[in-house]
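This report describes a few parts of one protein model for a reader who has not seen it before.

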Amino acid sequence: MEVKVFCIIVTYNAMKWIDKCLGSLRTSSMKVMPIIIDNCSTDESVNYITTNYPEAHLIINKKNKGFGQANNQGIEYAYKQGASHFFLLNQDAWILSDTIEKLIYIQDKYFIDLISPIHLNGAGDLLDYNNLNYLVIQDYNIEFVTDLILKNLKPYYTISNINAAAWMISKRTIEQIGGFDPVFFHYGEDENYCNRVKFHNGKIAFVPDSFIYHDRLKFGNLEVFNKYSTYASLLTLYANINNKFWSTIKMSVIIHLKHFISAVKILLKFDIKSFNSILLGYFTFIARIPKIYRNMKKNKISGSNWLKINS
């Protein structure tokens, strides 16, 4: 099979990072064809990309479709162009020259559905916060930590979840799992996708010898995080097709108690905006419960769900 790599990047007011992000793709040791999906930017991103990066295929949305649905647009286009590999990259991230080549080599050799590099911060001197959590803090990563200390690293390590700042997805996975579930708008869609890969017995892994830089704060855009975090946390729990009844009940008690405590603390600070965000998150979630369960039923069936790639 011919290797044909498309890099899918969702942008929103991305001027700060465009040159680092798209410029890094030009240095890749393996040819990469960029697809940009702009979610209604208000800065000069679109004009700048058009002028300075003519090799990029640009899709301009008239409204913000969120991270998952914009990525689905890029995946659909790449698939119809004959993509063999789909590399999802954040707008505030950039690669090294050998990042993509190393990911594809490991992915194809070991038949890995979804693979990611190590995510460094923007300066390259620390792990990205979420990557630290996924790779080190979780107890199932003791093998990686041990090998790292003993200087005996393996080519890859399996993992249950990793954030979508830099994902290499195989064509087989696109055809068997599909795209991002449209019930998610922002936050949680990547964990949901990983849960679906696991449900269908797919393999998720990271390569310890491959790197990206991810230039962001702990939670990215804090205002956006606060706006969507309550809804995303509820949705991530209840839309997980791997969860059993009693484990869902147990986790429900924990998450609702957590939100209740947060709400009380926020009210004591008279932070009405943040309190309203929590209420809105619950109201949005409750209103979408029927859709959530319909989507869960669909996600349990193997196929190119949420993508229009068979027409």
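I115 stands opposite M168, a residue of strand β8. This is a predicted model. Strand β8 covers residues 166-170 and pairs with strand β6 in the antiparallel sense, over two bridges. Strand β6 also pairs with strand β9, here in the parallel sense and over eight bridges. In that pairing, L114 stands opposite I204 of β9. The table sets out the two pairings of β6.

| Partner of β6 | Residues of partner | Sense | Bridges |
|---|---|---|---|
| β8 | 166-170 | antiparallel | two |
| β9 | 204-214 | parallel | eight |

How much of strand β6 is covered? Strand β6, residues 114-121, is mostly covered, with eight of its eight residues buried.

In soluble globular proteins, nonpolar side chains tend to be buried together. The largest nonpolar core of this model has 36 residues, and the members that touch the most others are F86, W167, I174 and Y193. Helix α3, residues 66-80, gives the largest share of this core, namely five residues. Another core, of 30 residues, lies apart from the largest one; V32, I49, I106 and A205 are among its members.

Which residues does Y193 contact, once its neighbours within four places in sequence are left aside? They are L114, W167, I169, T173, I174, I177, G178, G179 and F180. Among these contacts of Y193 are W167 and I174, which are listed with Y193 among the core residues that touch the most other members. L114, another contact of Y193, is the residue that stands opposite I204 in β9.

**Helix α12**

Helix α12 runs over residues 289-299, and in this helix I292, N295, M296 and N299 are buried. Why do the buried residues of α12 line one face of the helix? Seen down the axis of α12, they fall within an arc of 105°, so they line one face. R294 and K297, on the other side of α12, are exposed.

I292 is a residue of this helix. I292 has a relative accessible area of 2%; buried means under 20%, so I292 counts as buried. With neighbours within four places in sequence left aside, I292 is in contact with V183, L235, Y238, A239 and F285. I292 and D181 are 111 residues apart in sequence, while their C-alpha atoms are 9.5 Å apart in space.

Definitions and conventions
Residues are numbered from 1 along each chain as its sequence is written. This is a predicted model: local features need pLDDT of at least 70, side-chain atom pairs count only at pLDDT 80 or more; totals for chains, interfaces and linings use all residues. Side-chain values use heavy atoms; hydrogens and water are left out. A nonpolar core is a set of buried Ala, Val, Leu, Ile, Met, Phe, Trp, Tyr and Cys residues joined through side-chain atoms within 4.5 Å. Buried means under 20% relative accessible area, exposed over 50%, partly exposed in between (1.4 Å probe, protein chains only). Helices (H or I, at least four residues) and strands (E, at least two) are DSSP runs, numbered from the N terminus. Contact means heavy atoms within 4.5 Å. The arc is that of the directions from the helix axis to the C-beta atoms. Two strands pair if DSSP finds at least two bridges between them.
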